Amino acid sequence: MIFYFSGTGNTRWAAETLAQATGERLLFIPDELKGDTTYALAEDERIGFCFPVHGWQPPHIVRLFVKRLVLTTAAPSLRQHYCYAVCTCGDNVGQTMDIFNSELRTIGLETNSVLSLVMPESYVCLPFMYTDTPEKEQRKIVAARERLEVFCQQVCRREKGIHELVKGATPRLCSYVIGEYFNKRMITDRKFTVDGDVCIHCGKCAQVCPVGDIEFDETPSWKNDSSCTCCLSCYHHCPVHAINYGKITRKRGQYYFGH
């Protein structure tokens, strides 16, 4: 089975590609968190996790899911099952996978192989962060497609010891200092606004929110209930660019996979 989370579609594409290659179940983490998170593993069933990197760490929603996850198996231990993880990022991942594996160990599991895929940038809520140019988007997608195709074959063969991660120059600083602050202090929906004179009242933002954080009545409003992951799916999917995050995104570009 493959558990995944995705906002703007990069990770969804990776997870769907892996599911097609392996023939295994594809489960969307926000939907799974609404019910029982106990799963019975078939004999020799692989366990896959796919998620984007948020501030050089796994997204909070993914970490919450792992804490609630219960896997049952007839094998002597969970580690008899081949386990892998793929994370997507706009640049580098720091020590995201080290953090993720520390979470997995609490439930008796650990990845056998991991991969990071550099995909088009979608986080634009800091002064120095922008979407990529269309040319750069395409270069990233082509390179990611080629690398994912190879990884799919490796997963199908249950190859172990693959650790192809773009960690960056200062992975510990990014993940454990900057990332810790980012994920504790900067993940919020309170800065989202909508330009009422621009909004066309289509409701697309509410439809694409992966965690159901948007209520729609003529214009969107965010629930402020701590469910937001700041994936920016609402911002990027708005067909008229009516949604902003504070003032900083008003002149920033938009991107989602398949755009």
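## Strand β7 and V114

V114 is found in strand β7, where helices (H or I, at least four residues) and strands (E, at least two) are DSSP runs numbered from the N terminus. The model is predicted: local features need pLDDT of at least 70, side-chain atom pairs count only at pLDDT 80 or more, and totals for chains, interfaces and linings use all residues. Residues are numbered from 1 along each chain as its sequence is written, and side-chain values use heavy atoms, with hydrogens and water left out.

V114 has a relative accessibility of 1% and therefore counts as buried; buried means under 20% relative accessible area, exposed over 50%, and partly exposed in between (1.4 Å probe, protein chains only). C152 is 38 residues from V114 in sequence, and the two C-alpha atoms are 11 Å apart in space.

## Nonpolar cores

A nonpolar core is a set of buried Ala, Val, Leu, Ile, Met, Phe, Trp, Tyr and Cys residues joined through side-chain atoms within 4.5 Å. The largest one has 53 residues, and F3, L18, F49, L71, F100 and L117 touch the most other members. A second, separate core has 21 residues, including Y123, C199, I214 and C234.

L117 is in contact with W13, A14, V86, C87, T88, C89, A144, R147 and L148, leaving aside its neighbours within four places in sequence.

## Helix α1 and its cover

Helix α1 covers residues 10-22, which is 13 residues. From first C-alpha to last it reaches 19 Å, close to the expected 18 Å; the expected span is 1.5 Å times one less than the number of residues. After α1 comes G23, whose phi is positive, near 75°.

The buried residues of α1 are N10, T11, W13, A14, A15, L18, A19 and T22. An α-helix has 3.6 residues a turn, so residues three or four places apart point the same way. The cover over the buried residues of α1 includes the strands β1 (2-4), β2 (26-28), β4 (47-52), β6 (83-89) and β7 (113-118), together with helix α5 (134-156).

## C156 in helix α5

C156 lies in helix α5. Its relative accessible area is 31%, so C156 is partly exposed. Not counting residues up to four places away in sequence, C156 touches A21, T22 and R46. T22 is 134 residues from C156 along the chain, yet their C-alpha atoms are separated by 6.0 Å.

S122 lies in the loop between β7 and α5. With 15% relative accessibility, S122 counts as buried. Its contacts, leaving aside neighbours within four places in sequence, are T8, L232, H236 and Y255.

## Salt bridges

A salt bridge is a side-chain nitrogen of Lys or Arg within 4 Å of a carboxyl oxygen of Asp or Glu. By this rule the model has 12 salt bridges. Side chains of opposite charge can pair when their charged atoms come close. One of the bridges joins E45 and R25, with the closest N and O atoms 3.1 Å apart. E45 is in the loop between β3 (38-40) and β4, and R25 is in the loop between α1 and β2, so the pair ties together parts that are 20 residues apart in sequence. E45 is buried, at 10% relative accessible area, whereas R25 is partly exposed, at 39%.

R79 and E110 form another bridge, with closest N and O atoms 3.2 Å apart. R79 lies in the loop between β5 (70-72) and β6, and E110 in the loop between α4 (96-105) and β7, so this pair ties together parts 31 residues apart in sequence. R79 is partly exposed at 44% relative accessibility, and E110 is partly exposed with a relative accessible area of 25%. R79, R105 and E110 are linked in a network of salt bridges. K34 also forms a salt bridge, with D31, at 3.6 Å between the closest N and O atoms; K34 counts as exposed at 72% and D31 as partly exposed at 42%.

## A nonpolar surface patch

L173, Y176, V177 and I178 make a nonpolar surface patch of about 340 Å². Patches are made of residues with over 30% relative accessible area and no salt bridge; like charges are joined within 9 Å, and nonpolar side chains (Val, Leu, Ile, Met, Phe, Trp, Tyr) within 5 Å. Accessible areas come from the Shrake-Rupley method with a 1.4 Å probe, and for residues only the protein chains shown count as cover. I178 is in helix α6 (residues 171-185) and counts as partly exposed at 39% relative accessibility.

Conventions
Contact means heavy atoms within 4.5 Å.
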